[in-house]
Amino acid sequence: MTRHRSSAPESTERLRKYRPDIQGLRAVAIMMVVSMHCGILDIHGGVDVSFVLSGFLIGSQLLAEIDRTGKVSLTKFWARRFRRLAPGMTVVILVTAVLAWIYASPLRFRDTMEDGFASSLSVMNWRLVETGTDYFANDGTQSPYQHFWSLGIEEQFYLAAPIVLLVTAWLSRKIFRNRVLVGLFLITVVAGSLYLSITQTKSNQPLAYFGTQARIWELAFGILLALSAPLLSRMNRGFAAFVSWLGLATALGTALLITPETPLPGYAVAGPVLGASMIIAGGCAAPTFGVERLLDNPVLNSVANVSYGWYLWHWPILILWPDITGHELSYSDRFRVASLSLILAYAMYHIVEFRFRNNAQLVARPWKGVFAGGTAVTGTAGAAAFAMTILPLNLETVTSSSTVASGYSNRATVEDAAMQKRLSSTALASLRKSPDDHASKTCIDSTTDTRFDAEDACVLGDRDAEQTIVLMGDSHAWQWSDAFDEIGKDLAAKVLVMSKGGCSPQVYDINNPELNRKYTECNSWRESAFTALSELKPDVIVVSDRARREANREGAEALFEVLEKNGAQLVYLTDTPEPGQNIPDCLATHTDDVTACNRKESEALEFPKVRAMEQAVAEEHGAYIIDTVPVFCARDVCPAIIGEQVVYYDASHITSGYAKTVIPHLEPTLKKVLAG
């Protein structure tokens, strides 16, 4: 599949070992992927097209070998895969690790190398499932190894496909004396996996997007095409040409219709899969005027040869580009990333990939190919393990200091912080701890929880006290829970935390970006929380949540009407400013100028009309107001470091350390409310 066609096939030769249309389609698929990732063109489905191609090519090889010999040489098959994949993967994983250590946030390096370790073992897709990664998130948290998820699925497929096909073909010959059982098995896999893709996209998108079980149907469909190739080759050539052109239109047309809001993979990826399958099916008949006329050209053939390397290089360069250059990606930068990664792909193809793939000794002795590939994988995994456990972080060493980060003390503290430029040794010590300096995770319900369970609720403060404070809201309420724990102990009050990630207690619909759909779990959780409140009869209810675009006056009114019926004193804790970026990462890469991590107050107070509306509704319903802005912003600046204490532990939430220093600002109002 790597040499170019020298002449058109004879009319009697329809099934060909080399398919120029498939070679061209490989180039189209990688251009779709790079264009989408780099933000050049909003076109999806490139990976899905590649899955079908892989299934067809591998299925064709395996079925031909089974027909010819009655068996499959696993050593030769896996040796070919190792020679094809391991060298490039090893180079990119190691080079990316070096670049991440030099340029990216030192605080993120350990996690990055865990991703590199998972990528080297071809299980990156399951690591992303475990962490609940949103593939389309654009918040600076993407891993430079994230794109290895699709390679992980393909490599898991390469491990299992020859064994499964061999066993199924043997059983089919024994029972039916033909390939009927193989076809039925593939149809079952396609149907079952597609069903999981559709249903799991609704319930758990990361599991559906990255999970092998919801993607294997695309590869199995390719094998089904390979199984049907002899029959497809008998198509009328005029009809086959029409099918191939229609397939290209279907693949590209449906790929352009998919948007970031489309639930993926679900049923949406069926369009690109169907289009690619029609191109392959039509090409089986070798039509004279098929889409091969367009796809068979030297440019696409050349790009297809380096498509694997282009896929490997483009993503880490894209993710690390802002760290390397010191500025955010511009539109022209996106073209530079695509071009540079293509150049690196050509270099790696000629220097590394081609030499290993065609090495005479490795080809003649397949066991050497398996051994070499295994050594490369083991060595890469070992290097990643060393980097994530032993290699010191590329961060300044903290010198001994008797000073403890004080955080907020008074208004002057914030004003002084707005003028601070360099990290002190005390602030550097705070920075090292900041990514893990958050409130207890057990005090917030997860995305998938649909009910608030009062029996398992998080109870803080003075647990034996008669008076009860309920802290209610989303993660922007939960972030205060450690501070409220100390307040409850000071004021002899029990504190019950009632919070759910991404779920406002205000009564309006939320579109959850992690689930990529309406957050129905929030609606049901909110109702159960309201029911629990009516049974708990707390003395004080403190409401705090993130300002959102979807918020409306009707939703705020509905919330405070429900709370008023409980007879509790109401407190509205205004939302904290949004820092706009991951603050620990920013500080770790700007130790000499922390002002690069500060944000203007006018920008940090996102959705100002929403904030004003929510506060007004709270006041109309008799709620006391605790304004958080004075303890975060001054001089039109919201500093990232205040009183040598890192303010945020990510791109949105405040550290527990800073929250506890704000207690003097919160406690007087709560003391007054409890006394009343």
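Me: With which strand does S7 pair in the parallel sense over three bridges?
Reply: This is a predicted model, in which local features need pLDDT of at least 70 and side-chain atom pairs count only at pLDDT 80 or more, while totals for chains, interfaces and linings use all residues. Residues are numbered from 1 along each chain as its sequence is written, and side-chain values use heavy atoms, with hydrogens and water left out. Strands (E, at least two residues) and helices (H or I, at least four) are DSSP runs numbered from the N terminus, and two strands pair if DSSP finds at least two bridges between them. Tyrosine 572 has isoleucine 625 as its bridge partner there, and the strand that pairs with S7, spanning residues 624-626, is S9.

Me: What is the handedness of the β-α-β crossover from S6 to S7?
Reply: Strand S6 (residues 540-544) pairs with S7 in the parallel sense over four bridges, and valine 540 has glutamine 569 as its bridge partner. The chain passes from S6 through helix H23 (residues 553-565) to S7. A path that runs clockwise from the first strand over the helix to the second, with the strands pointing away from the viewer, defines the right-handed case, and this crossover is right-handed.

Me: Which strands are the edges of the six-stranded open sheet?
Reply: The sheet has mixed pairing and the order S1-S3-S2-S6-S7-S9. The twist, taken between axes fitted as lines to C-alpha atoms with angles from 0 to 180 degrees between N-to-C directions, averages 25 degrees from one strand to the next. Pairing on one side only marks the edge strands, S1 (458-461) and S9.

Me: Is isoleucine 175 buried or exposed?
Reply: Isoleucine 175 lies in helix H6 and belongs to a nonpolar surface patch with about 800 Å² of accessible area together, areas coming from the Shrake-Rupley method with a 1.4 Å probe and only the protein chains shown as cover. Helix H6 (148-176) and helix H7 (180-203) each give two or more residues to the patch, and H6 gives the most, six. Buried means under 20% relative accessible area, exposed over 50% and partly exposed in between. Because its relative accessible area is 55%, isoleucine 175 is exposed.

Definitions and conventions: Patches are made of residues with over 30% relative accessible area and no salt bridge: like charges are joined within 9 Å, nonpolar side chains (Val, Leu, Ile, Met, Phe, Trp, Tyr) within 5 Å. A salt bridge is a side-chain nitrogen of Lys or Arg within 4 Å of a carboxyl oxygen of Asp or Glu. Buried means under 20% relative accessible area, exposed over 50%, partly exposed in between (1.4 Å probe, protein chains only).
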